[in-house]
Amino acid sequence: MKVLVSVKRVVDYNVRIQVKSDGSGVVTDGVKFSMNPFDEIAMEEAVRLREKGKVTEIVAVTIGGAKNEETLRSALAFGADRAIHIKEEGEVQPLTAAKAFAAVLKKEGAQLFLCGKQAIDDDANQTGQMVASLLDIAQATFASKVEVDGSKAQITREIDAGLETLEVDLPAVVSVDLRLNEPRYLKLPDIMKAKKKPIETIGLGDVGVAVEAGTKTVKVAPPPARAKGVMVKTVDELVSALKAKGLV
Amino acid sequence: MPQLMNRRDLDFMLYELLDIGGLTGAPRFAMHDRAAFDGVLDAAMKLAEQKFLPHAAKLDANEPHFDGERVHIIPEVREALDAYVEGGWMSAAFDERHGGMQLPYAVVAAANGIFVAANCGTSGYPFLTSAAANLLRAHGTPEQQTRYMKPMLEGRWFGTMCLSEPQAGSSLGDIRTRAIPQADGSYHLVGNKMWISGGEHDLSENIVHLVLARIDGAPAGVKGISLFIVPKHRVNPDGSLGARNGVRLAGLNHKMGYRGTVNTALNFGETVPAVGQIVGSPGQGLACMFHMMNEARIGVGMGAATMGYAGYLFSLDYARQRPQGRPASAKDPASKPVMIIEHSDVRRMLLQQKAYVEGGLALCLYCAKLVDEQSIEQDPKRREELHLLLEILTPMAKAWPSDFCLEANKLAIQVLGGYGYTRDYPVERYYRDNRLNPIHEGTNGIQGLDLLGRKVTMHNGAALRLLLGRIGATVKAASAVPELAEYAQALKQAADTAAQVTMTLGQAALQGKLDLFLANAHLYLEMMGHTVIAWLWLEQASKAQAALAGAGAADRAFYAGKLRACRYFFRYELPKAARQAELLARLDDTCLAMSADEF
Ligand SMILES: Cc1cc2nc3c(=O)[nH]c(=O)nc-3n(C[C@H](O)[C@H](O)[C@H](O)COP(=O)(O)OP(=O)(O)OC[C@H]3O[C@@H](n4cnc5c(N)ncnc54)[C@H](O)[C@@H]3O)c2cc1C
């Protein structure tokens, strides 16, 4: 069975995000980028499924500029067998990404599409769901456990009320959550081997997709600074303060 | 949470300052590219942050202890080292034919620096093991390599370096451990070793001690010293472990810092014979050890620089968040306090740290790259030049960061005020850990003697001429840049002065005044060190100035910061070299002349 895993290049989770002074976005120059942490979990799961003998080939896919090749190199070091780079220097919104991934998934005939539940840059949490809808296949989001058995998969997912287990027919889209696994430390030999694995570079046009900008960013602003706290002496005082603010 | 290492700066040094990517043009490194180097550094950061850093304070507070039978070390050390070994780090710098990654030393040194910044105590074990394995790679027989080096590179056995003895540290020529030849070609070692890091533990199946000793009847002094492999457990011909060898733990040393790396006094051949094999030829022991010395000493400087760096980053983060006091010009006592980074004196302490740690790191990486360049240079004459440059820079790469990045750690404590003096923050630990670096691998006093007494004079001053040539090239290029001309002028002056001072000292040596010649060797080391660091600051500033115009906002601040730190170093630090030069040129004998009973 073949698995397709999408990996996104995002500002590293350790970077203290700064908003550009003109409010057009966040500062990205001179900033460290790395693979979206949720996508690392998806990669790890794919590798574990292969180690269990459930998966025979892992293909990593990304959309983005030339630098995204670094992200693919990490995916190959993790254990992907090959990678596809859909090169697009401009902004890519979730729907465009989903259309491209859906096209690649179909072309590759992969039975499973694994992706992070969201990317930590825009936190949109849309792409996986859209891929499933576009192809009209099953989806299971926020997976905390994945078990593949023949033509079906059992997915345990984290929901507000606790855990829910779904069974889906393959092919299916599974978006992964934080607690699914702990990604391994990359080994030096694997980092070296990654360079020798193939990366196929194509354009959005090659998968029949055009860039769409369904949403427009009007303004990016940092969250308001926390207001100074007040000390209250009694519970009554607290209640009236909360009432005054309309909070109770 | 502040970072262990500023990756932007590390990338600047490796790629913009030193063009490490260019090494991949040589066949030896052609299998790599920048993405591979980045991958290695990313992986090192992650492993260091997640497996080494979390138990650093715990390991410091719970140092290894001996219950009379076993040495106990908190289990996190073993877990971290398992992950390290599994990741292939033990053999990262070794050639592919030895199962290594054949990575440039500069990349490995940078990665090692990251592990030290995270947790020097845990890092000590694998570093010693790689160093011991490297020695066997260079001087061991193929049989010794299969038998001892291989299990070390696989991380199953660890290694130690047993040079020092209770009565002989700096002066290794005075060691007394005996090696008694046996009929079967082996030796029995008898004697006491002191300060042996990693000398006893259960972290690995076996411990391979590399021991300096004297074969009975060998001449006095360094020429009579040979090198031996003495394993903790004897090794059967098939590689399996045999009986316990005669190496006994006499006791642990309880240290100020670096507590996680167990430090031991070992007795050889007390009751059970300590069977050893000779490495290399008799009398070549110290030469074999010192073959690896440049890299070992650069490694010490690197660790000193990255520990200094980690303290700097911590105190910087703190200074940005700690409100206290108001600007001198603020009149209203009810006005909001400012973050302490707003105070000029706090900025002084941060700038001084920045100038020291980034200067020290640049020097160590520069030297590490010389090691790589030497390994790929085909032309014998150019290779010899690289070798000489490395020879003269190494004592500075060891001593300068261990003196001044330690100073940086002191300043980091000061930036945190009272909090810095408590064990709730890591800066006092960095200071205690870093305090080892001026002492081991040859004290800084010995480094001064090595620089002035050997390196500067070798081949009629050829190494110094090469160094001054490189400094001159930087001066020339920077003189043409208006923003840098002030520094170029100052550096030229400092280099000319250093050359003159060296001549004066050399004449004293020629006149046979050897004690006077070497009396201020440490001062000479500081003067040269400051001159070399100023040179590398001007190199950094040149790159920063050139990149500034095309840079985006965040990078502009980064490059501007480099230019400020360069200015700081040239205005506040380099003038100290001129003062030292005066004393040196005068052949000042204040210290030499003071007799023991006058104290
Ligand atoms: C934590 C730790 C770990 C160590 N690990 C190891 C290890 O793994 N293996 C190992 O073999 N050793 C190890 N050492 C030993 C270390 O290398 C020695 O401590 C060091 O070489 C100094 O020797 P010493 O302590 O005997 O001091 P001494 O040699 O007695 O020096 C004392 C002082 O006198 C000065 N001095 C000595 N001779 C001269 C001279 N000729 N001219 C001017 N000044 C001089 C020195 O600079 C120093 O300031 C370790 C030491 C420590 C503290």
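How far does a polar side-chain atom of Ser164(B) lie from a nitrogen atom of the ligand? Select both in the viewer: the distance is 2.7 Å, which falls among polar contacts (pairs of N or O atoms within 3.5 Å; within protein, one must be able to donate a hydrogen and the other to accept it, and residues adjacent in sequence count only if both atoms are side-chain atoms).

This is a predicted model, in which local features need pLDDT of at least 70 and side-chain atom pairs count only at pLDDT 80 or more, while totals for chains, interfaces and linings use all residues. Residues are numbered from 1 along each chain as its sequence is written, chains are lettered from A and ligands numbered from 1 in the order in which they are written, and side-chain values use heavy atoms, with hydrogens and water left out.

**First stop: the ligand**

Remain at the ligand and select Ser170(B), where an N or O atom of the side chain is 2.6 Å from an oxygen atom of the ligand. Next select Ser197(B), whose side chain has an N or O atom 2.9 Å from a nitrogen atom of the ligand. Taken alone, the ligand exposes 970 Å², and the protein buries 62% of that; accessible areas come from the Shrake-Rupley method with a 1.4 Å probe, and for residues only the protein chains shown count as cover.

Helices (H or I, at least four residues) and strands (E, at least two) are DSSP runs, numbered from the N terminus.

**Second stop: the nonpolar cores**

Which residues touch the most other members of the largest nonpolar core? Select Met43(A), Trp89(B), Leu189(B), Leu393(B), Met396(B), Leu467(B) and Tyr524(B), out of 209 residues in this core. A nonpolar core is a set of buried Ala, Val, Leu, Ile, Met, Phe, Trp, Tyr and Cys residues joined through side-chain atoms within 4.5 Å. Buried means under 20% relative accessible area, exposed over 50%, and partly exposed in between (1.4 Å probe, protein chains only). Helix H10 (residues 380-415) of chain B supplies the largest share of this core, 18 residues.

Centre the view on Tyr524(B). Leaving aside neighbours within four places in sequence, its contacts (heavy atoms within 4.5 Å) include Leu451(B), Leu452(B), Val456(B) and Leu464(B). A second, separate core has 26 residues, including Leu172(B), Val208(B), Val279(B) and Met289(B).

Select helix H5 (residues 105-139) of chain B and find Asn119(B) within it. This residue is buried, with a relative accessible area of 4%. A polar atom of the Asn119(B) side chain lies 3.1 Å from the backbone nitrogen of Thr122(B). Beyond residues up to four places away in sequence, Asn119(B) touches Phe52(B), His55(B), Ala56(B) and Leu59(B).

Show chain A by itself to find its 6 helices and 11 strands. Of its 248 residues, 43% count as buried. Select helix H2 (residues 68-78) of chain A: 8 of its 11 residues are buried, so the helix is largely enclosed by the rest of the structure. Among the buried residues of H2(A) are Asn68(A), Arg73(A) and Phe78(A). Just after H2(A), Gly79(A) has a positive phi of about 140 degrees.

**Last stop: backbone details in loops**

Select the loop between strand S9 (162-169) and strand S10 (172-176) of chain A, which contains Pro171(A). The peptide bond from Leu170(A) to Pro171(A) is cis, with omega near 0 degrees.

Move to Asn125(A), in the loop between strand S6 (112-116) and helix H4 (127-135) of chain A. Although not a glycine, Asn125(A) has a positive phi of about 55 degrees. Finish at Asn460(B), in the loop between H12 and helix H13 (462-479) of chain B. Its phi is also positive, near 55 degrees, in a residue other than glycine. Is each of these two asparagines exposed or partly exposed? Asn125(A) is partly exposed at 23% relative accessibility, whereas Asn460(B) is exposed, with a relative accessible area of 71%.
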